[in-house]
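Hi there,

Here is the structure I promised to pass on to you. Please open it next to this email and follow along as you read.

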Amino acid sequence: MTQILIPLKQHVGAPCKGIVQAGEKVKRGQLVAEPNGLGANIHSSFSGKVVDVSEESVVLMIDEEQDFSSYVPIPETDSMIKAVEEAGVVGAGGAGFPTFLKLSCEISEGVFIANGAECEALLAHNVKQMSEHIDQLIRGTKYCMEMVKAPKGVIAVKGKHRQLVLRLIKAVEAEANIEVYQLPDIYPAGDERMIVREVMDVVLEPGQLPTEVGAVIDNVETIKRIAEAIEDRKPFIDKDVTVSGRVKQKETVFVDVPIGTPVKTLINNVGGYVEPHGEIVIGGPMTGRSGEETTPITKTSGGVLVAMPFPQEHRKVGLLICECGGSAERMTEIVNNMGAEVVAAERCKRMVEVNGRYRCALPGICPGQAKTVMSLKKQGAEVVMTGSCSD
């Protein structure tokens, strides 16, 4: 018998509150936790017996035989947006914001944008989804346009995916209000503010929301989950994941991985590690976090990337921090794992403080950093680690 851990925080906001008890039998798709403030419903992705319920997770002893083709449907609803809420849909691109709240606005003169940028290296599940389910993507985009009353829809995808772009363009020929926009192949092309700048030619100020200029943006997998909730009454219980790096079968996309699945299961399914290997990164290489073999897949897990062993570095390190890449905490963790010491840290000169948080003024347009690097050097840094700066 196998134990599965379903985290109660898979979204922006507070952890959900479990509504099941130890010893209770649950079915795949059954509601097991409800929001405790800002959040989204959480459903069981496996059938089994509840072993433990804590403030952090619901632990299941899953049945030996699982039928992943079936699930408990969400209740019938009187609106599409209520179906999205019941299904517990959140931003699947990594942000995890409750989707029903994002769609609870009206942009009668604006545009809904399907974000297919997939801007982090090595990840490939969004492109696979768009390639194999174009009709579903268009239907989902139309549902979202209807919910936010947007007269126009845009599917934004990198122009380098030439065959996909051509197929999308052909697919929307019959859709008078939907068009395809080709994004540049740069990082972070998937950032909402960069997409607004590209698609609408509007520069959002740091801290300004897309809705303020008439835009609502959702990741293409989020749109997939929206379509499933509306059409199939399916809760958000499965996640598309890319597995790559130091594994024997690189850049493998797993479609509809049950949430709670340990990442080691996926690594085993691609033949295991290529030795020697280093840490497991959950997410993309730029903004991902360190994980373990037991780390469960969640609604926001996009990648399982196995890194090379940390190179050893004994020179003193200065951190150049930007919003678009790894945080100061993540970079410090990497430096420590390399056996080095952080002696200085500076923010990219493009960063500005907004409501106590530092934001990039122009995502994707990186400035020269000579002055910042000289400052780090004066503070004793012998080498520099930066999160994502292209300069």
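V90 is buried, with a relative accessible area of 0%; buried means under 20% relative accessible area, exposed over 50%, and partly exposed in between, with a 1.4 Å probe and protein chains only. You can find V90 in the loop between α1 and α2. (Helices are DSSP runs of H or I with at least four residues, strands are runs of E with at least two, and both are numbered from the N terminus.) In sequence V90 and N219 are 129 residues apart, yet their C-alpha atoms are 9.9 Å apart in space. Not counting residues up to four places away in sequence, V90 touches Q10, H11, A40, G96, F97, P98, T99, T222, F236, K299 and T300; a contact here means heavy atoms within 4.5 Å.

Before you go further, please keep in mind that this is a predicted model, in which local features need pLDDT of at least 70 and side-chain atom pairs count only at pLDDT 80 or more, while totals for chains, interfaces and linings use all residues. Residues are numbered from 1 along each chain as its sequence is written, and side-chain values use heavy atoms, with hydrogens and water left out.

Now for the whole chain. The protein chain has 10 helices and 21 strands. Its radius of gyration is 21 Å, close to the 21 Å that the globule rule gives for 391 residues, so the chain is as compact as a globular protein of that length. (The radius is taken over C-alpha atoms, and the rule is 2.2 Å times the number of residues to the power 0.38.) Along the principal axes, the C-alpha atoms fill a box of roughly 65 × 55 × 40 Å. Of the 391 residues, 51% count as buried. If you take contacts between residues at least 6 apart in sequence, 68% of them join residues at least 24 apart. The chain exposes about 17,600 Å², and carbon and sulfur atoms supply 50% of that area; accessible areas come from the Shrake-Rupley method with a 1.4 Å probe, and for residues only the protein chains shown count as cover.

What about the inside? In soluble globular proteins, nonpolar side chains tend to be buried together. A nonpolar core is a set of buried Ala, Val, Leu, Ile, Met, Phe, Trp, Tyr and Cys residues joined through side-chain atoms within 4.5 Å. The largest one here has 42 residues, and those with the most contacts inside it are L103, F112, L137, M147, I155, L168 and I226. Elements that give two or more residues to this core include α1 (80-86), β8 (111-116), α4 (134-148) and α7 (220-232). The most comes from α4, with eight residues. Apart from this core lies another, of 22 residues, among them A117, V199, A215 and M351.

L103 is found in the loop between α2 (99-102) and β8, and counts as buried at 1% relative accessibility. Leaving aside neighbours within four places in sequence, L103 is in contact with I81, F112, C144, M147, V148, V216, D218 and I226. The C-alpha atoms of L103 and D218 are separated by 9.3 Å, although the two are 115 residues apart along the chain.

The peptide bond from Y187 to P188 is cis, with omega near 5°, and P188 lies in the loop between β10 and α6 (192-200). Another cis bond runs from E275 to P276, with omega near 0°; P276 is in the loop between α8 (263-269) and β14 (280-282).

Is E118 buried or exposed? At 12% relative accessibility, E118 counts as buried. This residue is in the loop between β8 and α3 and has a positive phi of about 40° although it is not a glycine. E251 has a positive phi too, near 45°, but is partly exposed, with a relative accessible area of 47%. Look for E251 in the loop between β12 (238-245) and β13 (252-258).

Enjoy exploring!

Best wishes
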